[in-house]
Amino acid sequence: MNKEGIKKLESHVVSLLTLLMRAYSQFFFQQPMMVNTDLIIRMEMEGRRQGFEHLRNHLYWNLIQEIVKICDDSDERTPCINKITKKLEDKNTLKLLEDKYSNHAFPRVEGEDSSTWEKHQEEYENEWRVKFKKTYERMKKNTSELLSSDILSGYKTIRDKLLAHNELRFVDGTYEFFDITVLNLKFGQERIILEKAKEIIDDLNSLVRGASFLWDSFIDSETRTVCNYWGIKSIKPAIKH
């Protein structure tokens, strides 16, 4: 991979981070619809339960589809964790990224001779190279765990059999849609996948771009937006003593 290829890789990581932010926004928006009992009761009392449940289900299944696309999308034009991490398996690509990552100048001290500074500079660059390798190994481990997880596998099955397609099965003399209960998935597991994806994409952002993202600020902003929209004080209801 040449420098132009590295630039393309950087743009794919930025796009992947943007997609993850959108998925988190969806997650935060629909979370009160699942867990905030005060909100759910209010929708019932206001006679809006049916529409509320339709919206909740639509948002949930859309989130599942977005999570699958972020993690492992087969379309070559679409950035995903699986495709980007595979590009880093190329030794030449990884070497270019490591050289770029470790390209930091050690501060010069007035009166310091060149040989002493060069020694410090070499040690300083080596520290960054060690950090790069540790980050890369962590990213590989997390990626392997994510892509082989039963939760993501279940989400892919839902995407393939119910969301992207409508598969019918012949069961006991009649045709039925795929029964998702056999997957043993539970609400809340999407947070597990999102958090693991966030760790991986944060590492990719560091390895490829030498950059980081302020998640705490983003999450605080999204939480305020969601609470203002639903007219609640917190995503989860306050514990009553």
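Ala, Val, Leu, Ile, Met, Phe, Trp, Tyr, Cys and Pro are taken here as nonpolar, Asp, Glu, Lys and Arg as charged, and the others, Gly among them, as polar. The model is a predicted one, so local features need pLDDT of at least 70 and side-chain atom pairs count only at pLDDT 80 or more, while totals for chains, interfaces and linings use all residues. Residues are numbered from 1 along each chain as its sequence is written, and side-chain values use heavy atoms, with hydrogens and water left out.

Pockets come up first. On a 1 Å grid over the protein atoms alone, a pocket is an open set of points where a 1.4 Å probe fits, with protein on both sides within 12 Å along at least five of seven lines, and lining residues have an atom within 4 Å of a point. The largest pocket has a volume of about 200 Å³, volume being the space filled by probe spheres set on the points, which are joined across faces, edges and corners. Twelve residues line the largest pocket, with K8, H12, E76, K83 and K87 nearest its centre. By class, the lining splits into four nonpolar, three polar and five charged residues. Helices are DSSP runs (H or I, at least four residues), numbered from the N terminus; α1 (3–35) gives the largest pocket the largest share of its lining, four residues.

Then there is the pairing of α3 (residues 49–71) with α8 (residues 189–209), whose axes come within 11 Å and cross at roughly 30 degrees. Axes are lines fitted to C-alpha atoms over the stretch in contact, and angles run from 0 to 180 degrees between N-to-C directions. Angles under 35 degrees count as roughly parallel, and α3 and α8 are therefore roughly parallel to each other. In contact terms (heavy atoms within 4.5 Å), Y60, L63, I64, I67, I70 and C71 of α3 meet E190, I193, L194 and I201 of α8. That contact has nine nonpolar, no polar and one charged residues.

Terms used. Helices (H or I, at least four residues) and strands (E, at least two) are DSSP runs, numbered from the N terminus. Angles under 35 degrees count as roughly parallel, over 145 as roughly antiparallel, 65 to 115 as roughly perpendicular and the rest as oblique.
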